[in-house]
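User: Could you walk me through this structure and show me how to read its features?

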Amino acid sequence: MPEVSPATGDGPAAGESPPAGEALRILVVEDEVLIALELECLLEDLGHVSVGVASASAEAIALGQRTAPDVALVDIHLIDGPTGIEVARALSADPRTTVVFMTANAKRIPPDFAGAVGVIAKPYSERTVASALDYVARCRSGQAGGMPSGETLDGFRLAPGAAG
């Protein structure tokens, strides 16, 4: 998958949050190739930019550190096992990156959500992904508000204690 440099075009520099409604730079951490491709197309349709796709934990962490994405969509079970939790902890340690789990295995998410702000349940809809990314963009731009912590919105559930 092509990779986008941290600072592209006229958008925000690496580490700066784009204003709500503007394109987010998104890392897809997914080991199912067809799902990853479908998700990249969906992100593009929604006006966002994929900085790359990773299918294993080490690859995801390295790509995340190299590209400093605004958002990482992380599956729990990757090609090297249920390592998405480890990926979420590593990527969320960088304050420039907001992690959202995207999984059918939500029961595997620890109580602290490993630093993720929420989870999109698989199978997901375009509306769910759009709503979740809109919520993340609003939070990143300081326009907090929306769902109370722990509430579900059409397949997107916030982590306990997440900004709402």
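User: Where does phenylalanine 113 lie?

Analyst: Phenylalanine 113 lies in the loop between strand 4 (98–103) and strand 5. Helices (H or I, at least four residues) and strands (E, at least two) are DSSP runs, numbered from the N terminus. A word on the model: it is predicted, so local features need pLDDT of at least 70 and side-chain atom pairs count only at pLDDT 80 or more, while totals for chains, interfaces and linings use all residues. Residues are numbered from 1 along each chain as its sequence is written, and side-chain values use heavy atoms, with hydrogens and water left out.

User: What is phi of phenylalanine 113, and is this residue buried or exposed?

Analyst: The general idea is that most residues other than glycine have a negative phi, and most peptide bonds are trans. Phenylalanine 113 has a phi near 60°, a positive value in a residue other than glycine. Phenylalanine 113 counts as buried because its relative accessible area is 4%; buried means under 20% relative accessible area, exposed over 50%, and partly exposed in between (1.4 Å probe, protein chains only). Alanine 114 also lies in the loop between strand 4 and strand 5. Alanine 114 has a positive phi of about 50° although it is not a glycine, and with a relative accessible area of 2% it is buried.

User: Which residues does a cis peptide bond join?

Analyst: That bond joins lysine 122 and proline 123, with omega about 0°. Proline 123 is found in the loop between strand 5 and helix 4.

User: How many salt bridges does a search of the whole structure find?

Analyst: Side chains of opposite charge can pair when their charged atoms come close. A salt bridge here is a side-chain nitrogen of Lys or Arg within 4 Å of a carboxyl oxygen of Asp or Glu. The search of the whole structure finds six. In one of them, lysine 122 pairs with glutamate 30, and the closest N and O atoms are 2.5 Å apart. Lysine 122 lies in the loop between strand 5 (118–121) and helix 4 (126–140), and glutamate 30 in the loop between strand 1 and helix 1 (33–45), so this pair ties together parts that are 92 residues apart in sequence. Both lysine 122 and glutamate 30 are buried.

User: Which salt bridge do the side chains of aspartate 75 and lysine 122 make, and what is the N to O distance?

Analyst: Those two side chains meet at 3.2 Å, N to O. This pair links distant parts of the chain, 47 residues apart: aspartate 75 is in the loop between strand 3 (71–74) and helix 3, and lysine 122 is in the loop between strand 5 and helix 4. Aspartate 75 is buried, as is lysine 122. Another salt bridge brings together the side chains of arginine 96 and aspartate 94 (2.7 Å, N to O). Arginine 96 is partly exposed, with a relative accessible area of 32%, whereas aspartate 94 is buried at 18%.

User: How do the axes of helix 2 and helix 3 cross?

Analyst: Axes are lines fitted to C-alpha atoms, for helices over the stretch in contact, and angles run from 0 to 180 degrees between N-to-C directions. The axes of helix 2 (residues 57–67) and helix 3 (residues 84–92) come within 9 Å and cross at roughly 15°. That makes helix 2 roughly parallel to helix 3; angles under 35 degrees count as roughly parallel, over 145 as roughly antiparallel, 65 to 115 as roughly perpendicular and the rest as oblique. Ser57, Ala60, Ile61 and Gly64 of helix 2 make the contact with Glu86, Val87, Ala90 and Leu91 of helix 3, where contact means heavy atoms within 4.5 Å.

User: How many helices and strands does the protein have?

Analyst: The protein has four helices and seven strands. Along the sequence they follow the pattern β-α-β-α-β-α-β-β-α-β-β. Of the 164 residues of the protein, 45% count as buried.
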